[in-house]
Amino acid sequence: MRRGTFRDDTVDYAAVGATHAPDLMQYPPERSIPAENSWRIGSGIERFQSAGESLLTWTAQRASGLTVEDVRPAPGPAYAGVSFDAEGTPIAPSKNDVEQRFDAEGTPFAGPGMTLRLHGRVSGMRADAELRVISVTEEKRRIGFVLGTVGGSVVRGEESFDIDWREDNDEVWFSVRAFDAPNSLLYRFVPALVKRRRRELFARYLRAISPLYATPV
């Protein structure tokens with residue numbers, strides 16, 4: 001059951017949208033550790049559409065052993081979220097009203113401004129967090145969204161998830177980019193734990209979206 005109360009907080013980091021910056025790996029936000037990877041997960045429009053729907057219905061998180069709960073749409077019907085161009089520059093929303101969709105269990109699809117809670121463990125390390133959906137992309141050849149931390153996590157930062165259907169060769173690729181700034185004292189003193197946590201999360205996301213591909217291409 002969803003909680004009756006909801007904290008409409010802002011995210012707990014400054015570089016909102018930085019996972020879409022082309023130079024993320026070279027110039028990550030201050031005190032954060034960047035990461036990115038891409039995997040070929042098939043080809044064709046059917047693969048693209050099925051992977052895109054899986055992504056927007058939280059499959060990457062749920063099938064990774066994490067519990068998704070307290071999913072709440074953004075306050076007010078007119079919030080369309082921020083989006084970004086190919087260079088990572090924020091652009092104005094293209095429409096004011098966003099139609100809310102639900103999966104078979106009644107959980108809302110990922111939508112801009114939405115807040116949710118994750119619970120679970122990754123390699124024995126806590127993966128609890130409150131998150132906000134920063135933006136959602138649904139285009140002819142790209143589907144994806146960006147998650148930013150609001151609080152309650154051992155790290156603060158952002159993750160972007162994208163499914164791309166490439167026009168030149170018909171291949172479908174799944175990409176994840178992230179930056180993590182340690183919150184807990186342990187992670188601050190042992191940055192290698194942040195990188196280990198991120199590698200495990202990336203591996204779980206890939207298995208969740210494409211079980212046939214257990215290793216990067």
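These legends describe close-up views of one predicted model. Residues are numbered from 1 along each chain as its sequence is written. In this predicted model, local features need pLDDT of at least 70 and side-chain atom pairs count only at pLDDT 80 or more, while totals for chains, interfaces and linings use all residues; side-chain values use heavy atoms, without hydrogens and water.

**View 1. An open sheet of 7 strands.** The order is β1-β11-β10-β9-β8-β5-β2, and pairing is antiparallel. β1 (33–43) and β2 (67–72) are the edge strands, each pairing on one side only. Strands are DSSP runs (E, at least two residues), numbered from the N terminus, as are helices (H or I, at least four). Two strands pair if DSSP finds at least two bridges between them.

View 2. Why is strand β9 largely enclosed by the rest of the structure? Because 9 of the 10 residues of β9 (residues 142–151) are buried, meaning under 20% relative accessible area (1.4 Å probe, protein chains only). β9 is joined to β8 (residues 129–138) by 8 antiparallel bridges. Serine 135 has valine 146 in β9 as its bridge partner. Another 7 bridges join β9 to β10, again antiparallel. Here leucine 147 is partnered by glutamate 159 in β10.

**View 3. Strands β10 and β11.** β10 (residues 155–165) and β11 (residues 171–182) pair in the antiparallel sense over 11 bridges. Aspartate 164 has tryptophan 173 in β11 as its bridge partner.

**View 4. Phenylalanine 189.** This residue lies in helix α3 (residues 185–189). Phenylalanine 189 counts as exposed because its relative accessibility is 69%; the cut-off for exposed is over 50%.
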